[in-house]
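Colleague: I have a model open and would like to go through it with you. Can you put it up?

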Amino acid sequence: MDTMNEVVDLAQRLSFWKVDVPREAAQAILAWQAATTPSSGSPIDDVRLAATHGKLTPKNAVKAVDDAALALVVADKRQAVLLDLAPALAGRAAGSIRDHGDDIVEGLRPHWDKAVKQLTDAAAVIEVGATAEQVIGRGPDAVNAWNDLQVAESTLNTLAYCRERLRSPIGYGPGSTPAVAMFVDLPMATRQKLAEAEQILLRRDPRVQTERGGSWRLLLDAGCELHLNTAAEVRAVVDAARETVGAGRG
């Protein structure tokens, strides 16, 4: 999250799942929204209307004109100030959100687990590689499971988007830590299995394009347990894979 627009977008998405951003981030968002709310009316129109209706007098004319001129200067310089303000507020809000990332993960996890159950139950009915034509021929239960795969995929995608915005330098970074470690638990973790899961998540496995349930369905089939991980859990997944490699070499 580098911009206030990204911060606000994440806050709105989290709100949909009944998860609040930290107070400091919420205050930064409110400050940004207040600062970017345009003023109503026009200072020139106000002075013109006052003159038209006889409300511009020798006592208030100078102040009214000065106020209108000042308002025009403020409006002219406002965008430049906002451009300078945005990175500071975004940094404050994003930092607060990431500092409380595990709390947000815990808030999202019940929704994630519900979608995973829906996906898992449907996957027990619909085998990998099945087509719509094959499913229709198997009756209503199969059709319902087929639809559940799509609904679960959509839910997991939206939750994963929120989770990805919580990246921090430890355990989440774009370097050597696979993104899939945020979303899976591998009972028999190896570096190869983690790499294969990463290819599926990143849609580099050609089956993702046609598989009902998308990457999530294929991750299940690959033996992954879908889990929304905290920072410590991300590190545990990666460390387990590395330790397996080390043990094999020993």
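This is a predicted model: local features need pLDDT of at least 70, side-chain atom pairs count only at pLDDT 80 or more; totals for chains, interfaces and linings use all residues.

Colleague: How many residues does the largest nonpolar core have?

Modeller: That core has 64 residues, and Leu108, Trp112, Phe183, Trp216, Leu219 and Leu226 have the most contacts inside it. A nonpolar core here is a set of buried Ala, Val, Leu, Ile, Met, Phe, Trp, Tyr and Cys residues joined through side-chain atoms within 4.5 Å. Buried means under 20% relative accessible area, exposed over 50%, and partly exposed in between, with a 1.4 Å probe and protein chains only.

Colleague: Which helices each supply at least two residues of it?

Modeller: Helix 1 (4-16), helix 2 (23-36), helix 4, helix 5 (101-123), helix 7 (140-164), helix 8 (191-201), helix 9 (214-221) and helix 10 (231-249) do. Helix 7 gives the most, with 9 residues. Helices (H or I, at least four residues) and strands (E, at least two) are DSSP runs, numbered from the N terminus.

Colleague: What is Leu219 in contact with?

Modeller: Leaving aside neighbours within four places in sequence, Leu219 touches Val180, Val184, Ala197, Ile200, Cys224 and Leu226. Contact means heavy atoms within 4.5 Å.

Colleague: Next, helix 1 and helix 4. At what angle do they pack?

Modeller: About 35°, and their axes are 8 Å apart. Axes are lines fitted to C-alpha atoms, for helices over the stretch in contact, and angles run from 0 to 180 degrees between N-to-C directions.

Colleague: And which residues meet there?

Modeller: From helix 1, Met4, Val7 and Leu10; from helix 4, Ala86, Leu89, Ala90, Ala93, Ala94 and Ile97. The residues of this contact divide into 9 nonpolar, no polar and no charged. In that scheme Ala, Val, Leu, Ile, Met, Phe, Trp, Tyr, Cys and Pro count as nonpolar, Asp, Glu, Lys and Arg as charged, and the others, Gly among them, as polar.

Colleague: Salt bridges: how many are there?

Modeller: The count comes to 8, where a salt bridge is a side-chain nitrogen of Lys or Arg within 4 Å of a carboxyl oxygen of Asp or Glu. One of them joins Arg109 and Glu233 at 2.8 Å, N to O.

Colleague: Is Arg109 buried or exposed?

Modeller: Arg109 is buried, at 12% relative accessible area, while Glu233 is partly exposed at 27%.

Colleague: What about Arg13 and Asp9?

Modeller: Their side chains form a salt bridge at 2.9 Å, N to O. Because they are 4 residues apart in helix 1, about one helical turn separates them. Arg13 is partly exposed at 31%, and so is Asp9 at 24%.

Colleague: What does Lys117 pair with?

Modeller: Asp121, with the closest N and O atoms 2.7 Å apart. Lys117 counts as exposed at 52% relative accessibility, whereas Asp121 is partly exposed at 40%.

Colleague: Last one. Where is Asp99 found?

Modeller: In helix 4, which covers residues 61-99. Asp99 is exposed, at 66% relative accessibility. Asp99 and Pro22 are 77 residues apart in sequence, and 9.0 Å apart in space, C-alpha to C-alpha.

Methods:
Residues are numbered from 1 along each chain as its sequence is written. Side-chain values use heavy atoms; hydrogens and water are left out.
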